[in-house]
Amino acid sequence: MVTRIDIARTLNLDLDNGYKVEIAFIPAELPDDHPLRERHDARSIAVPATAGSLWMTLFTAGDQHYVGAAIFAADDVAVRCDTVDIRSQFRRRGLASCLYELAGSLFDAPVVPGALLSADAIAFWRARLATKTEAGPC
């Protein structure tokens with residue numbers, strides 16, 4: 001069973017690998033006048049989000065350079081990635097996998113592939129499923 005997001009809030013975490021992540025927890029029914037709605041509008045998410053969504057922004061820990069962002073949403077059964085974009089110079093370092101693991105742990109549910117996948121997403125999932133371990137790379 002997926003842990004639902006009932007209260008809108010933000011959280012900043014230091015990851016073990018030299019990066020920081022800012023996470024916005026967005027309930028499925030965020031009021032139109034809520035201040036988080038301006039940057040994190042769940043109505044733009046294409047995957048089911050009845051249990052809420054996580055909006056993650058990744059930065060380098062020291063100098064706070066933007067590295068990438070991801071949006072994860074959940075229904076009652078699973079978590080899916082709506083979008084993930086890691087800047088090219090930071091790719092192939094396990095950062096997307098780290099965000100997937102983090103989303104799964106925050107929702108306390110498995111992250112599964114969405115219905116529509118780009119060629120890069122298909123390659124990511126093939127590699128992810130081939131090397132999946134219980135302990136994530138974070």
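**Close-up views of a predicted model**

View 1. Asp75 is found in the loop between β4 (66–74) and β5 (79–86); helices (H or I, at least four residues) and strands (E, at least two) are DSSP runs, numbered from the N terminus. With a relative accessible area of 13%, Asp75 is buried; buried means under 20% relative accessible area, exposed over 50%, and partly exposed in between (1.4 Å probe, protein chains only). The side chain of Asp75 reaches the backbone nitrogen of Val77 at 2.9 Å. The side chains of Asp75 and Arg80 are joined by a polar contact of 3.1 Å. A polar contact is a pair of N or O atoms within 3.5 Å; within protein, one must be able to donate a hydrogen and the other to accept it, and residues adjacent in sequence count only if both atoms are side-chain atoms. Not counting residues up to four places away in sequence, Asp75 touches Val2, Pro48, Thr50, Ala51 and Arg80, where contact means heavy atoms within 4.5 Å.

Residues are numbered from 1 along each chain as its sequence is written, and side-chain values use heavy atoms, with hydrogens and water left out. As this is a predicted model, local features need pLDDT of at least 70 and side-chain atom pairs count only at pLDDT 80 or more, whereas totals for chains, interfaces and linings use all residues.

**View 2. The nonpolar cores.** Within the largest nonpolar core, which has 30 residues, Leu54, Met56, Leu58 and Phe72 touch the most other members. Two or more residues of this core come from each of β2 (19–26), β3 (52–60), β4, β5 and α1 (95–107). The most is given by α1, with 8 residues. A second, separate core has 10 residues, including Ala24, Leu36, Ile45 and Trp55. A nonpolar core is a set of buried Ala, Val, Leu, Ile, Met, Phe, Trp, Tyr and Cys residues joined through side-chain atoms within 4.5 Å.

**View 3. Aromatic pairs.** The protein has 3 aromatic pairs, counted for rings of Phe, Tyr and Trp (its six-membered ring) whose centres lie within 6.5 Å; planes under 30 degrees apart count as stacked, over 60 as edge-to-face and the rest as tilted. The ring centres of Phe59 and Tyr66 are 6.4 Å apart and their planes stand at 75 degrees, so this pair is edge-to-face. Phe59 is buried, at a relative accessible area of 19%, whereas Tyr66 counts as partly exposed at 35% relative accessibility. The rings of Phe72 and Tyr100 are also described as edge-to-face, because their centres are 5.0 Å apart and their planes are at 85 degrees. Phe72 lies in strand β4 and Tyr100 in helix α1, so the pair ties together parts that are 28 residues apart in sequence. Phe72 counts as buried at 0% relative accessibility, and Tyr100 counts as buried at 5%.

View 4. The protein contains 2 helices and 6 strands, which follow the pattern β-β-β-β-β-α-β-α along the sequence. The C-alpha trace spans about 40 × 35 × 25 Å along its principal axes. Of the 138 residues, 42% count as buried. Among contacts with a separation of 6 or more, 56% are accounted for by residues 24 or more positions apart.
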